[in-house]
Amino acid sequence: MVEITIIVFICMLLNIVIHEVGHMIGGYILGYKIVFIRIGSKTLVKEENGWSVKKFNVPGTAGQCIMEPPSDREFKWRLYFLGGIMGNFVLVIIGLIFIFLTKSTRLIGIELAFFALYFIVANGLPLKIGGIVNDGYHIFRMKKEDEKKLYAQLMIAVKDMKGVCIKDMDEDYFECNEDHPENFFDCYIMMIKALRYIECHEYEKAKLLLNRIINSKAISFYKWNAKSELLLIEIEENGKDANLELLNKKTKKYVKKQVYALSTLLLNYALLSINNDKKAEKMEQRFLEFSKETIEKGEIDMYLERYEKIKQKLM
């Protein structure tokens with residue numbers, strides 16, 4: 001039984017790894033540069049002086065491969081997304097070979113091929129899983145007007161990880177339809193645009209965008225992010241007298257689970273401080289430590305500035 005569990009785990013993990021490596025190969029063929037590759041929360045980041053291992057996570061995803069598209073040619077993306085599916089297809093073939101090779105390798109082959117087929121279907125069919133668009137959606141259903149937003153999404157992530165502040169990024173990256181947060185690409189840009197307003201101390205503009213996301217049919221992940229940012233603004237402005245009506249059970253659960261984001265760590269610290277919880281000091285230390293190791297370097301100064309404001313307000 002233990003042996004079967006180990007085989008299942010290894011075959012599933014191998015499919016995740018090969019899927020992300022497939023994206024990387026597809027990107028390389030198109031002239032992309034690797035920024036990071038993530039399996040679970042373990043993130044291998046390419047930096048100027050080599051590679052480093054950090055922690056990062058996006059709820060609802062098992063892995064991620066972020067690459068920088070070339071700026072000196074037409075933006076192409078299909079092979080970048082197709083590469084992951086092709087990687088799993090290779091594992092189907094290897095699994096079939098193992099099935100018919102010997103009796104001792106049959107179970108490995110079955111599990112390897114099963115998970116590979118699952119990944120091909122889950123990623124190849126154009127779907128929105130939990131509102132997040134998959135590889136197949138990018139390949140087959142993405143609208144022409146969303147291509148520029150996809151490019152902006154990739155470049156914002158790349159610049160952020162290189163330490164460029166959101167307010168200093170190219171204005172063109174923030175062009176979106178603010179009346180359509182139900183669109184995955186528009187919603188992402190709206191969320192980052194709201195952070196840009198916060199960084200520039202234009203809180204009313206930020207609140208407007210964040211409330212549009214919350215009151216729309218946007219995916220839950222972005223709604224929770226928007227609520228977290230609004231709660232932080234409320235605490236920044238009103239301290240212990242802050243209105244916390246947005247903090248329902250689901251939002252609380254999200255904030256506690258999202259341990260690899262400066263926003264939620266800061267919000268956790270603020271909420272614990274308001275309640276005079278002894279854990280506040282430990283959470284404060286965790287926030288400050290994570291600010292030194294986060295891969296989202298472009299947001300560090302903004303959240304440290306907000307931390308100082310909140311700490312002062314709660315004294």
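Residues are numbered from 1 along each chain as its sequence is written. Because the model is predicted, local features require pLDDT of at least 70 and side-chain atom pairs count only at pLDDT 80 or more, while totals for chains, interfaces and linings use all residues, and side-chain values rest on heavy atoms, with hydrogens and water left out.

The protein contains 12 helices and six strands, defined as DSSP runs (H or I of at least four residues for helices, E of at least two for strands) numbered from the N terminus. Its C-alpha trace spans about 70 × 50 × 40 Å along the principal axes, and 52% of the 315 residues are buried, a term that denotes under 20% relative accessible area with a 1.4 Å probe and protein chains only, as against over 50% for exposed and in between for partly exposed.

The whole structure holds 19 salt bridges, each being a side-chain nitrogen of Lys or Arg within 4 Å of a carboxyl oxygen of Asp or Glu. In helix 5 (residues 144-161), D146 and K149 stand three residues apart and are therefore separated by about one helical turn; their side chains meet in a salt bridge at 3.4 Å, N to O. K149 also forms a salt bridge with D186, with the closest N and O atoms 2.9 Å apart, and this pair links distant parts of the chain, since D186 lies in helix 6 (residues 184-199), 37 residues from K149. K149 is buried at 11% relative accessibility, and D186 is likewise buried, at 1%. A network of salt bridges links E178, D179, K193 and R212.
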